[in-house]
Amino acid sequence: MCEVAAVSAAPCPPGWIQNDSTCYSFVTSSKEHWTSASYHCSLHSASLVEVDSSTENDFLRKHSIDMGIHSDFWIGLTDDSSEGNWEWLPSGNTVSFSDWAPGQPDNGHNEDCVLLSHSKHYHWNDDQCDNSHYFICEREIDEGGTIIG
Ligand SMILES: [Ca+2]
Ligand SMILES: [Ca+2]
Ligand SMILES: [Ca+2]
């Protein structure tokens with residue numbers, strides 16, 4: 001019984017942050033292209049963050065600001081497969097919530113991947129997928145309150 005309690009108290013891996021039923025990792029160890037960032041998350045049984053609600057978006061923006069590093073973070077939204085048709089990958093979900101910065105998305109330089117933009121107060125901006133940025137991974141906490149892997 002004691003072991004169960006100990007596990008339940010820390011459902012996220014070291015260095016990950018829990019919010020509601022999800023663990024998040026704000027990865028600042030290296031800047032990556034969007035595709036490489038997505039792959040990095042998958043190595044940790046996670047995905048680039050899919051922002052489903054204003055609550056989740058508020059959490060991500062607040063934490064980004066609080067980190068104080070003034071850097072952009074990739075999120076899991078892209079229109080790379082069809083210009084203007086935004087989808088979350090890898091889920092393939094369409095956009096149910098969005099928080100574009102004013103004037104965005106503008107596909108400014110063939111921009112098909114989305115980040116939380118520090119220069120836009122961490123509202124969303126589309127950017128070129130092969131630019132290198134920090135990124136945010138997320139993974140759900142399973143029903144047992146623990147994460148496998
Ligand atoms: Ca999410
Ligand atoms: Ca685009
Ligand atoms: Ca843009």
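## The nonpolar core

The largest nonpolar core of this protein holds 28 residues, and those with the most contacts inside it are Leu-48, Phe-73, Trp-74, Ile-75, Phe-135, Ile-136 and Cys-137. At least two residues of this core come from each of strand S2 (22-32), helix H2 (34-42), S4, S6 and S8. Here a nonpolar core is a set of buried Ala, Val, Leu, Ile, Met, Phe, Trp, Tyr and Cys residues joined through C-beta atoms within 7 Å, and a residue is buried if 20 or more other C-beta atoms lie within 10 Å of its own, exposed if 12 or fewer, and partly exposed in between, with C-beta atoms placed from the backbone. In soluble globular proteins, nonpolar side chains tend to be buried together.

The structure is a predicted model, in which local features need pLDDT of at least 70 and side-chain atom pairs count only at pLDDT 80 or more, while totals for chains, interfaces and linings use all residues. Residues are numbered from 1 along each chain as its sequence is written, and chains are lettered from A and ligands numbered from 1 in the order in which they are written.

## Overall layout

The protein has three helices and eight strands, which follow one another from the N terminus in the order α-β-β-α-β-α-β-β-β-β-β. Helices (H or I, at least four residues) and strands (E, at least two) are DSSP runs, numbered from the N terminus. Of the 149 residues, 30% count as buried. Among contacts between residues at least 6 apart in sequence, 66% join residues at least 24 apart, where two residues are in contact if their C-beta atoms, placed from the backbone, lie within 7 Å.

Two strands pair if DSSP finds at least two bridges between them. S4 is joined to strand S6 (residues 113-117) by three bridges in the antiparallel sense, and to strand S8 (residues 133-140) by two bridges in the parallel sense. Trp-74 has Leu-115 as its bridge partner in S6 and Phe-135 as its bridge partner in S8. S4 also pairs with strand S5 (residues 87-88) over two antiparallel bridges, and there Thr-78 is partnered by Glu-87.

## Helix H2

The buried residues of H2 are Trp-34, Ala-37, Ser-38 and Cys-41. Seen down the helix axis, they fall within an arc of 100°, so they line one face of H2; the arc is that of the directions from the helix axis to the C-beta atoms. These buried residues pack against S2, strand S3 (47-48), S4, S6 and S8.

## Details in the loops

In the loop between S5 and S6 lie both Pro-90 and Pro-105. The peptide bond from Leu-89 to Pro-90 is cis, with omega near 10°, and the bond from Gln-104 to Pro-105 is cis, with omega near 0°.

Ser-45, in the loop between H2 and S3, has a positive phi of about 55° although it is not a glycine. His-70, in the loop between H3 and S4, also has a positive phi of about 55° without being a glycine. Ser-45 is partly exposed, with 14 other C-beta atoms within 10 Å, whereas His-70 counts as exposed, with 9 C-beta neighbours inside 10 Å.
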